[in-house]
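Reader: I would like a close look at one part of this protein. Please take me through how its strands pair, and then through what surrounds them.

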Amino acid sequence: MKRIMVAMTLMGAALVVASGVAWAATVNCQVGVFCEGTDQPDELIGTNSVDRVFGKGGSDFLAGKKQNDVLYGGSGNDFIMAVEASLHYPNLQERDLVFCGPGTDTVYYMEGVDRIFDCERKNPGW
């Protein structure tokens with residue numbers, strides 16, 4: 001019985017891989033460590049310190065949180081949040097730097113504060 005269950009599990013996993021389903025990773029970045037995703041869709045969540053977040057491939061979600069973060073979307077249709085701390089702490093004046101990359105990317109940012117490059121859909125504020 002155990003062998004049948006193992007065989008069925010392996011066949012199910014092979015079917016998922018063959019169908020092209022992407023395995024997404026959720027990464028809670030660590031303070032002082034370069035935070036990097038995979039070539040699949042990822043969720044990369046920054047810290048309350050300065051972060052360097054790189055989405056790589058896939059359609060990723062990146063959030064920098066507090067401080068002066070650098071967010072790289074990489075390839076894919078990414079969704080990038082560069083406004084969280086500025087909304088909750090209006091006097092903080094954090095200055096995020098966002099590079100979206102290839103794909104149709106959406107970024108939310110603080111106009112006049114954050115610097116945004118190569119993003120197709122720019123949304124100041126939230």
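Author: Start at Leu-44, whose bridge partner in β5 is Leu-62. That bridge belongs to a pairing of β3 and β5, which is parallel and spans three bridges. The model is a predicted one. Now look to the other strand beside β3. Leu-44 in β3 stands opposite Val-27. Here strand β1 (residues 25–28) is joined to strand β3 (residues 42–45) by four bridges, and the two run parallel.

Step back to the whole sheet. Six strands make up an open sheet, with the order β1-β3-β5-β7-β9-β11 and parallel pairing. Two strands sit at the edges, β1 and β11, and each of them pairs on one side only. From one strand to the next, the twist averages 10 degrees. What holds such strands to each other? Strands of a sheet pair through backbone hydrogen bonds, and the pairing can be parallel or antiparallel.

Move along the sheet to β7 and β9. These two run parallel and are joined by three bridges. Phe-79 has its bridge partner in β9, and that partner is Thr-106.

Which residues does Asn-123 touch, if neighbours within four places in sequence are left aside? Thr-106, Val-107, Tyr-108 and Tyr-109 are in contact with Asn-123. Take Tyr-108 from that list. Tyr-108 and Asn-123 are 15 residues apart along the chain, yet their C-alpha atoms are separated by 4.8 Å. Asn-123 is partly exposed, and its relative accessible area is 24%.

Next, the core. The largest nonpolar core has 19 residues. Val-53, Leu-71, Ile-80, Val-98 and Val-107 have the most contacts inside it. Which elements give two or more residues to this core? They are β3, β5, β7 and β9. The most comes from β9, which gives three residues.

Val-98 is worth a stop. Leave aside the neighbours within four places in sequence. Val-98 is then in contact with Leu-71, Ile-80 and Val-107, among others. The list of contacts of Val-98 also includes Ala-82, Arg-115, Ile-116, Phe-117 and Cys-119.

Now the rings. Five aromatic pairs turn up in a search of the whole structure. One of them is Phe-61 with Phe-79: the ring centres are 5.8 Å apart and the planes meet at 15 degrees, so this pair is stacked.

Tyr-72 and Phe-99 form another stacked aromatic pair, 5.3 Å from centre to centre and with 10 degrees between the planes. Tyr-72 lies in strand β6 (residues 70–72) and Phe-99 in strand β8, so this pair ties together parts that are 27 residues apart in sequence. Tyr-72 is partly exposed, with a relative accessible area of 31%. For Phe-99, also partly exposed, the value is 30%. Both rings belong to a cluster, in which ring pairs link Phe-54, Tyr-72, Phe-99 and Phe-117.

Last, the cysteines. There are two disulfides in the structure. A disulfide is a covalent bond between the sulfur atoms of two cysteines. Cys-29 and Cys-35 form one of them, with sulfur atoms 2.0 Å apart. The torsion about their S-S bond is about -70 degrees, so the disulfide of Cys-29 and Cys-35 is left-handed. Both Cys-29 and Cys-35 are buried.

Cys-100 and Cys-119 form a disulfide too, and their sulfur atoms are 1.9 Å apart. This link of Cys-100 and Cys-119 is right-handed, with 85 degrees about the S-S bond. Why does it tie together separate parts of the chain? Cys-100 lies in the loop between β8 (97–99) and β9 (106–109), and Cys-119 in the loop between β10 (115–117) and β11 (121–124), so the pair joins parts that are 19 residues apart in sequence. Cys-100 and Cys-119 are both buried. With the bonded cysteines numbered in sequence order, the pairing reads 1-2, 3-4.

Terms used. Residues are numbered from 1 along each chain as its sequence is written. This is a predicted model: local features need pLDDT of at least 70, side-chain atom pairs count only at pLDDT 80 or more; totals for chains, interfaces and linings use all residues. Side-chain values use heavy atoms; hydrogens and water are left out. A disulfide is a pair of cysteine sulfur atoms within 2.5 Å. Buried means under 20% relative accessible area, exposed over 50%, partly exposed in between (1.4 Å probe, protein chains only). Rings of Phe, Tyr and Trp (its six-membered ring) pair if their centres lie within 6.5 Å; planes under 30 degrees apart count as stacked, over 60 as edge-to-face and the rest as tilted. Two strands pair if DSSP finds at least two bridges between them. Contact means heavy atoms within 4.5 Å. A nonpolar core is a set of buried Ala, Val, Leu, Ile, Met, Phe, Trp, Tyr and Cys residues joined through side-chain atoms within 4.5 Å. Axes are lines fitted to C-alpha atoms, for helices over the stretch in contact, and angles run from 0 to 180 degrees between N-to-C directions.
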